[in-house]
Amino acid sequence: MKAVLLGTTAGGGFPQWNCACSLCVRARSGSLPSRSQDCLAISGNGTDWWLVNASPDVRTQIASCASLNPGPGARDTPLRGALFTDAELDHTLGLLTLRGGAGLTVWAPGTVLHALKDQFDLRTVIDGYAPVAWRQVDGPFSLDGLEVSAIPISGKRPKYARSSTVDGDWVVAYRFHDPATGGVLVYAPCLASWPDGFDEVVAGADCLVLDGTFYAASEMGSATGSSSGQAAMGHLPITASLPELRRFPSVRRIYTHLNNTNPVLDPSSPESEKLREAGVEVPLDGTVIEL
């Protein structure tokens, strides 16, 4: 199994286009590396690749990853489709860029497929260009050598679907198992809380890529000087998840989906030092994981 962290930040990327917080200012000056919005590429055979979420930055992300280069035919691509962890715009709008692709498949929970059809009609738009095969995740399934299962995380709806009456698992993590090597990767970029049973998920993984959106619970308001509504965004802060991660020192632990206000974007910050002391990583875009 091979995975590439194509993007590692939350919606808006880093620097965020409309933000002049101190971290974004430093990123624009070049003193901190820029990052794109979170997206993972994964393959079980080195030939067929899948995206986990499709960010608005997907064109540049694909172009920056040699494994996703098109060929050998003029319109051949190794990209087979995408898996969605949720229905957030930051995780689905990249499909608009992929609208010229043929034979793509999208896997997602039923709630997400409902939102993309009945609340925000992305499915009809995409299918008008090149029909996509939409597959509901309702149990374990296989993807080109990988065994995949969805782990329910929360019932948080995206803003545009707040009026939906559909109940269920609106946010999931994905567990990827390579039966050839025994390797297990868990990708959970959105985690509202530490759910029941998640200890067993982490303990059974070789690598966990986890929601690191905010470092602290009041971070956005402190960084921007305004009321942020951060608490309603459904992201467990690092100050709450790091104590949990410390209990699993044998697992490779990685934070992703970092908000532009998160101090761990600065590797020289005290917050970053705390993560290094705990053996937890904050890797850059393009980082490769092999299991």
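Me: What makes S10 and S11 a pair of strands, and how do they run?

Reply: Four bridges join strand S10 (residues 184-188) to S11, and the two run parallel. Two strands pair if DSSP finds at least two bridges between them, so four bridges meet the criterion. Strands (E, at least two residues) and helices (H or I, at least four) are DSSP runs numbered from the N terminus. Within this pair, Leu185 stands opposite Cys207 of S11. The model is predicted, with local features requiring pLDDT of at least 70 and side-chain atom pairs pLDDT 80 or more, while totals for chains, interfaces and linings use all residues. Residues are numbered from 1 along each chain as its sequence is written, and side-chain values use heavy atoms, leaving out hydrogens and water.

Me: What handedness has the crossover from S10 to S11, and through which helix does the chain pass?

Reply: The chain passes from S10 through helix H7 (residues 198-203) to S11, in a right-handed β-α-β crossover. That term applies if, with the strands pointing away from the viewer, the path from the first strand over the helix to the second runs clockwise.

Me: Why is S11 described as largely enclosed by the rest of the structure?

Reply: Five of the five residues of S11 (residues 207-211) are buried, so the strand is largely enclosed. Buried means under 20% relative accessible area (1.4 Å probe, protein chains only). S11 also pairs with strand S12 (residues 252-256) through five bridges, in parallel, and Val209 stands opposite Ile254 of S12.

Me: Which residues have the most contacts inside the largest nonpolar core?

Reply: They are Leu51, Phe84, Trp194, Phe198, Leu210 and Tyr255, in a core of 67 residues. Such a core is a set of buried Ala, Val, Leu, Ile, Met, Phe, Trp, Tyr and Cys residues joined through side-chain atoms within 4.5 Å. Helix H5 (residues 110-119) gives the largest share, four residues. A second, separate core of 23 residues includes Leu146, Phe176, Leu185 and Tyr187.

Me: What does Leu210 touch beyond its neighbours within four places in sequence?

Reply: Contact means heavy atoms within 4.5 Å. Among the residues in contact with Leu210 are Ala188, Trp194, Phe198, Ile254 and Tyr255.

Methods:
Buried < 20%, exposed > 50% of the residue type's maximum accessible area, 1.4 Å probe, protein only.
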